[in-house]
Each structure stands twice: as structure tokens, then as C-alpha cells.
Amino acid sequence: MRSVKHTLVALISSALLLALWQVGAHVLDSQILLPGLAPVFKTLVSIIGDGPFLANIGATVVRAFQSFLIIIILGSVAGVLGGNFPLFSAAMKPFVTTLKAVPVMSIILLAFIWFTSGQVPLFSAFLMGFPVMYVQVESGWRSIDGNLIQMCDLYEIKGFDRLVHFTIPSLVPSLVTGARISLSMVWKVVIAAEVLTVPRYGVGSRMQLAQVQLQTDRVLSWTLIAILLTACGDLLFELIVHAGAAVKRTVDRRRAG
Amino acid sequence: MKFINVSKAYAQNVIFDRFSLEIEAGTILAVVGPSGQGKTTLLHLASGLIEADSGEVVKEESEEGAVSYLFQEPRLIPSSTVFSNVELALRSTERCAKIRSQITAHYLGLVGLWEDRALYPAQLSGGMRQRVAIARSFAHQSRLMLLDEPFQSLDIKLRYSLMKAFLTLWNESPKTTIFVTHDPKEAIALGDAVCCLGDASAPLLLQKIDTPRDARGIDDEALLALEGQLIKALLSPRG
């Protein structure tokens, strides 16, 4: 009942947003400033039907996925090291603080000087997402319950058993939170970097080209596609998290007999 | 087990100063004492979690090896089921998964939690969690058992039901046990001997209880007198 209510509120809120857009388009009465819903959706359908549509989507998805994977792996490893070794944490602090403070655009512009246009989104997304993942895992490691560590020591739960049954499950909430925040950040940075560097294929490149030609309907259509991509990515992530939890519960039940 | 001239201090705070105490093998020593007088330190010294500044803790051959520790709080792994929480404590000593499952089933059965074996700690009541911890402490193949106020903060009915569960398991395989509590009644109900801490160099009171555990009634005059002695020792200026 509660979820039905929430869905209903979300639907009404979305409808209100679309209505505001339509009213704004009607008031401004300009295809360049703000085209209405109908022309944008018509353009959206024509974009989806275009030949290079999948190549553009694919390029952005691959860049986002690659940078996300690198963030997860390196952020987790560095986070565990930082949580475990205070000296490593102290050495990482200036990097993390700097990366958290530097504007996204500075990173993208600098990366564009150093790398090719296809590599810039990957590099920029990594630099923006890595500190988030690192900080989450590091604090997650530090907040592992000391009483439970003492219990594991006394009951001689060690090695692989301790890793699988205690350490990793204790870190899962931090890993999931870090990954969730990084993922939503990765889409935005990858697309922003594509806008600035205009690689051959990419959602951001299409947005930039449409903007240069004052095709606002195309800019909005590609924006809607970017929103859908982010939403699909988030959904897939949540599905993986839920599937992982369900598999663990099944394995636990089987082990309990 | 013997504590021989043991000294232990935390900075300027002297907990034990040439303190000696003997615990008969295969019996339960119940230890009472005000907070900060070394009850938990005594357990940590016995378990080897901390070392004495000087003096020795000597164990008999039957007490050497693994230790089972029952804490104030259950300390269960939240992401593991009731079954796993017990079974994990067996892995260091028992390689065969089938035997581990049988031992786990045995102890969970004795504490009345076999039906709940697939539940997670968050799905259990406080009393059920502590029963899992009791099952784990017995399933662990230990030679020495240390209890740090495990029945504290539970209502009286639950407390006595857990003490009964504990004694059922303990009677199956008696081992040297130090049971720390704040409650003189609990100490008398469970201990083969009671000891009151409060002085850094010697127990304020150390007395064997001759009445068998299952014959101890709440109106037993000798036990009521012992309870009175314990309370007096606890309230004494040194206690």
C-alpha cells in the first residue's frame, strides 16, 4: 500500500514536471529557447531510429562502465589499505582532499591536454569517483566492530573464514554506498567530458553538436536519453545488489540445512 | 588454574598488586565485585588477551588451549545465521563439515534454537541471541570458559532460563569456568565457589559452596548467609 502511494506520488510529480515544461514552451513560444513536448519526443524517436544511435549509446556506456569498474577496484583496495594503515591514510589525504575540491571542469580541461578525446571521460570520471569510493571503504573498514574482531580472535575464526563470513560482509554497506554514489557521478562526468572533448561517438558529443547547431529539441532528446541511461544504470545496480543479497540468503539457508 | 602474585596496572590505576587466587579444575568460580575492581581484567588475564605486568597465570594441562568467552553482549556476526554463528566457532578445531553440522545441531537443540537456525541475529530477541552465544561458547572446543556478566540487563525470568540453559550445557562437559557477575544471587546459584574482588592484593572473600547446585533453594539459610557475607564484602570500605 505504502509503495503504491509512493509510486502514485512519483507519477503525479513527473506529470507536473512535464506539464510545467509544456506550459513554459507555450509561453516562450520559441523552438530554440524551449521546444514543446511533442517536437522533442518526435526528435527522440527519430534519434533512436538513426544508424549511429547504438554506437553513441554504446560508447558512453562502455566509458562509464570502464571507469566505474576501475573506481570500484582501486577505491576498494586503497580504502582497505587506508583503513588498515594510518600512514597510508595520511599519505592519501592530500590527494583525496585535492580531488574532492577541484572543479569537474578543471579536471576535464586538464585531461584534454594530456589525453585523447576518448580517454578524457574515463580519466575524469575516475578522478571524480575514486575519492568517494576510497573515503567510504576507508571509513567502513575503520567502523568494523572491535568487539566482533575480539570475538573472532577468541573463537579462532581466521583466514578465509573470517574474510568471507565477517570482513567482507562488514564492508558491504560501505562498498554499496560508495559504488552507488560513484555510479551516479560517473554518468554525469563522462557525459560532461564528452561534451567538452567531442569524441567521435558518445551521448555528450551528440549534445554538443546539437547545441552548436541550435537544435534545442535534439539537446533535450539526448538529455532525456542520458537521464534514461542513468536510471537504467541505477536500476541494474540495485538489481545486482538485491540479487546478491538473495543468493546469500539462499546459500545461508542451505548451509543451515 | 592459579593466579600467582599477579600485578596489573593501567597507567596509575593499580588493579592487581601481587594478587593470588586458585580455581579448582573443572569447577565454576563465581566472581563478584564493584565496577573497576578488576573483574574483566581477571578474565582477560585468564584468556591471554592481556599479560600481567608481573607474576604468573598458571593453567593445568586440562585447561591449556582454546578459550570460550561469553560476553556481556552476544557478539554475533549480524550477516550470519544462527547456524553459521555457532558453526564458525568450530572451524578451527573440526575439519569435517558434517561433524561440525552435527555438533552445531546438538548445541542449538540444547538451547532450544534448532528451529530458528536459519534466522539472522536481527530477527531474534535479546534472550535468543544470548542463547546462541551460549551454544557457540560450548560448541567451541575449549578447555576454559570465561563469562563476563552474560546475563546482565535481562529480566529475571529470562536470566534464570539462560542460567538453566548454561548449566545444562556445562553439566554435559564440565570445564574450569570463571563467571563474573554483579549479582550475588547469580554467583551463588552458579558457582562451586564464590569470590569477591575489591582489594588489589587479595580477594575480600573466597568461599566454597558445598550444597550441590540442583539442591540450592532460594530460602536455604546457609546460602542466604553467604549472600549476606557477599553483600557485606561488596559494601565494605575496600569493596
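Mentor: What follows sets each label against its definition. This is a predicted model, where local features need pLDDT of at least 70, side-chain atom pairs count only at pLDDT 80 or more, and totals for chains, interfaces and linings use all residues. Residues are numbered from 1 along each chain as its sequence is written, chains are lettered from A and ligands numbered from 1 in the order in which they are written, and side-chain values use heavy atoms, without hydrogens and water.

Trainee: How do you know which strands pair with β3(B)?

Mentor: Strands are DSSP runs (E, at least two residues), numbered from the N terminus. Two strands pair if DSSP finds at least two bridges between them. β3(B) has 4 bridges to β7 (residues 176-180) of chain B. It also has 4 bridges to β8 (residues 193-196) of chain B. Both therefore meet the definition of pairing. The β7(B) pairing is parallel, and so is the β8(B) pairing. B:A30 has B:F179 as its bridge partner in β7(B), and B:A30 stands opposite B:V194 in β8(B).

Trainee: What makes β3(B) mostly covered?

Mentor: In β3 (residues 28-32) of chain B, 5 of its 5 residues are buried. B:I28, B:A30 and B:V32 lie on one side, B:L29 and B:V31 on the other.

Trainee: Which strands are the edges of the open sheet in chain B?

Mentor: The order is β2-β1-β4 (chain B), with antiparallel pairing. β2 (13-22) and β4 (54-58) of chain B are the edge strands, as each pairs on one side only. The twist averages 25 degrees from one strand to the next; axes are lines fitted to C-alpha atoms, and angles run from 0 to 180 degrees between N-to-C directions.

Trainee: How do you know that β1(B) and β2(B) pair?

Mentor: β1 (residues 2-10) of chain B and β2(B) share 6 bridges in the antiparallel sense. B:K8 stands opposite B:F16 in β2(B).

How values were computed. Buried means under 20% relative accessible area, exposed over 50%, partly exposed in between (1.4 Å probe, protein chains only).
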